[in-house]
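Lead sentences come first, then points by topic.

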Amino acid sequence: MSVHDFYVISPYLAMAGAAVLVILLDLVLPKKGLLPYFSFAVLAGPFIMTLIQFYDLGGAANLLRGADAFTTEDPSILLGAISVDRFALFFNFLIIGTVALVVLASTDYVRNMERFQGEYFALILFAATGMMLLAAATELITIYVSLELTTLPLAALTAFLLNRNSSEAGMKFLIISAISSALMLYGMALVFGFTGSTQLADISIAIGQATGDTPFGNYALFVGIVLMIAGFGFKLSAAPFQMWVPDVYEGGPTPVVAFLSVASKAAAFAVVLRVLFTGFFDVALDWGILIAGLAAASMIIGNLVAISQSNIRRLFGYSTISHAGYILVGVAAGVKSGDGIFKAPEFAAIGPDSVLFYLAAYAAANLTAFFAITIISSKISSDQISDYAGLSTRNPLLAGVLALSLLALVGVPPTGIFIAKLYIFTAAVDSGLIWLAILGVINSAVSAYYYVRIIRVMFTEPATSEVKISGSPAPWLALGLAGAAMVFMGIAPGFVMEAAQEAVRALAV
Amino acid sequence: MVEGYNGLLTATVFLPVVGALVLLLVVKGDRNVRNFAVLIALGDLVLSLLVFGLFDRGDGADRFQFVDHITWIPDVGLNADFLLTVDGLNTPLVALTGLLGMCAVLASWHIGFRVKEYFIWLLVLQTAVMGVFTSMDLLLFFLFWELELIPMFMLISVWGSGRKEYSAMKFLIFTILGSAFMLVGIVAVFLAPGVGTFNMVALSTEATMLTSAGLLIPLSGLFWLFFVGFAIKLPTWPFHTWLPDAHTDAPTAASVMLAGVLLKMGGYGLLRINVGMFPSQTDRFAWALVVLGVVSVLYGAVVTMRQTDLKRLIAYSSISHMGLVLVGIGSVGIAQGTLTVTGLNGAAMQLFTHGTVTGLLFLAVGLVYDRTHTRYIPDLGGLAGRMPVVAVAMLIAGLASLGLPGLSGFVSELLVFLGAFRAYDWPTVLALLGIVLAAGYILWMMERTFFGVRRPAFDDLTDASLVEAAPLVLMVVTIIGVGVWPALLTDVFESGLNPMVDVLNGVINR
């Protein structure tokens, strides 16, 4: 490996290094209270490296190979395992930002696990390393390894509270992840068997040459790709692979759930976009239908089941399933059927653009909601929605911010998700998926019911206790930053939108 | 054509929300909160009257004035403008919003529960409605349209009475469902070949208007998508069921805003978007609008007769009166000849007069309820002797509502019937029956509530105080003013509607 190769993977090294540093420091630091701030500070490493690479990239498509992206004969020492391009960097920023906020928001929360604070933060940073790698991986084995690097720390984090619910959630998460990994691995093996390569670029060429009347060109690919999509479906928390979500959301530590619902989902979508659009694009019309079906199922199941939830975290579990559905609409909208006789698929950049924008907007809104819930639940020690009664009198600002984030999740302007939903449905209509857009819009209207119900409880029902709710400055700072990002993306969406478009340009082969 | 940055409309739209922010962060103490809210509402009233007064009605004047135009979302995927501007159609509605916003704040003087929060929501509501009436970019329009939901929901569900939470949720679900249809329409318009913009000025100009070529959803489909969104808001039969509940359980000020300006958003949307952007479809479906309008007028009137709750009564009468807006728009359906502006002008006038009349009715009913603690008509009676000011205000509003000449209701109803009769004679005559019924239920309600024998329990009621009387007087002056000098409004409305009529004439005689 040359020095340049080290430079290329420096953000990932820096993130992993930060995790190791946190563990080391945990051994020697007498005051554990400083750990969160230290974990926050070491994020500067990966962030600065990402920033440098961002400017270094300039007009080039890929740092590793210069201007010509995806030339397979390139004798790269990294064996074409990763591609550091705008797409990867977009997710680096998103994931690092999320981690920073989650770490800040955890400061109060970790007080009650005195012994394991160092492990808690280190595991988060390790998981983040895996997520960042996922967004850059262009080779099946790298994808698999990154996925495991993401999953195992998350499973440990889910079980971190060491009580019955949390352990059960961690166990479920671990087992379901193992099953989905197995499915995916089997799919990858089939794809490798047919195409003779694990490189997405080579796979794309091999698939392009396959000619058959069966869906996906031939049955080995058919089964292989479907299994891979099923495996990804678990990570995306898309229906019908959603059954682990509510339990994990109910049992896991709140900041971890926030992290899981935002960063893990973003990374999963990154790898799905990368695999589908650069690897399997020639059979895009076939998987497009599958993805559209998953999107419809996720939206409907997520929203309908959420209506009857009484535990706020379970409700958010179903809500996240429905949002996975909305985002999948954007993925499906990335393909248009062409005009020619052969109906070759055409790349519609607006689809992936809207996915990236949605992920950023969703991250801001969902983090805001979860940080508010973290502050609240640490005071009232309950997750029942009915215990949120009268919150507006116990802490008006907190109730207001939570209400705003709930409205954002409905997709009410002026918040980022409104623009994001508009963007995604526009993409769907543009790609001829009008039915999916209409289904999405109706689902958004339905979702208003259960989100607004929480607002109603907070603002209209009498408080059960007069005790004021307050938090320390760090979680409030995290809450404020996430909330500001949420509103900013609704009022001035141009900045993130342009970044998303730049990023997606790296996907187009 | 519509460039530059004047700033007056931006100030009019955002003054209330800035005021709400200051209220949230700075002002302390219920007394100060009230005074500050009145100050902001007064400021916004002055600004909106400035817009109305300074609007150039001359023949050579620009159609769109007070343009505030900057790029909002640059040309990346979604290409939206921040574009606030008014023409003759929305200028009076801006003034109406300023007027009713002021009345709503004054009518909330007695609110003693979570005062600060209450006025914050009221001011945010005013910004949202102002925004709807002035945005000429579909995305911005939609943004304000949705923004209005939250404050209204909170006002009903926290400060309301009766089944307030049920009613608030019903209001929310109906409106969100309606706007969902509208959103699909907006997206489809944006994606139509050669459009790629949300600019409503461009979309309602004949040269750059949407054509049927290459659309994803046919023009007629788009027309109905928008129609459903606006019809729920208006509301027209059969989408009206949320309104009586919302009105009955809302606090007085929210009722005033709901009936006075929120319903007008539906009528405004129909005129601005359905008529303005889809003239050929309006011509094609005018008959359907008239049918829905006539059904609303008659159904609303008949159901009103049976009401025993004062607020419910006014709510149903609103449905009846809003039906006239649809009848007025139906004047577009003339088979041949030249369409005149009369019917559309009537529809627009009806929006304004109904806003003032119903606003006044709700204000008066609010006072009655405040004193007697009942809205059940059989329990009331003889209140005029103890509350003469309220009784006179109610009487004037009631008479305007049934179309007494010299009051504003007469002008708008006359214009609607004159315009619509040329297109659909029998349906118009049927709609006229609604006015006869209105005379019935208004006078009957007056008689049972304010006249007749007073119950002993009401002997020591007090009349409206100075603060309470102020909005009544404001409204009465407006109603009589418009009734005596209708040209004050009709001229302005005409200047906005004439370009639409020109386009429509081209469509009708093609």
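Which residues lie nearest the centre of the second largest cavity? They are A:T151, A:F173, A:S177, A:K235 and A:S264, out of 16 lining residues. The model is predicted: local features need pLDDT of at least 70, side-chain atom pairs count only at pLDDT 80 or more, and totals for chains, interfaces and linings use all residues. Residues are numbered from 1 along each chain as its sequence is written, chains are lettered from A and ligands numbered from 1 in the order in which they are written, and side-chain values use heavy atoms, without hydrogens and water.

**Search**
- The whole structure holds eleven cavities of 30 Å³ or more.
- A cavity is a set of points on a 1 Å grid over the protein atoms alone where a 1.4 Å probe fits but cannot get out, and lining residues have an atom within 4 Å of a point.
- Points are joined across faces, edges and corners, and a volume is the space filled by probe spheres set on them.

**Second largest cavity**
- Its volume is about 140 Å³.
- In chain A, α7 (140-158), α8 (164-195), α10 (219-236) and α12 (254-279) each give two or more lining residues; helices are DSSP runs (H or I, at least four residues) numbered from the N terminus.
- The lining has ten nonpolar, five polar and one charged residues; Asp, Glu, Lys and Arg count as charged, Ala, Val, Leu, Ile, Met, Phe, Trp, Tyr, Cys and Pro as nonpolar, and the others, Gly among them, as polar.

**Largest cavity**
- The largest cavity has a volume of about 170 Å³.
- Among its 15 lining residues, A:V410, A:G411, A:S444, B:E146 and B:L183 are the closest to the centre.
- The largest share of this lining, four residues, comes from α7(B).

Definitions and conventions
On a 1 Å grid over the protein atoms alone, a cavity is a set of points where a 1.4 Å probe fits but cannot get out, and a pocket is an open set with protein on both sides within 12 Å along at least five of seven lines; lining residues have an atom within 4 Å of a point.
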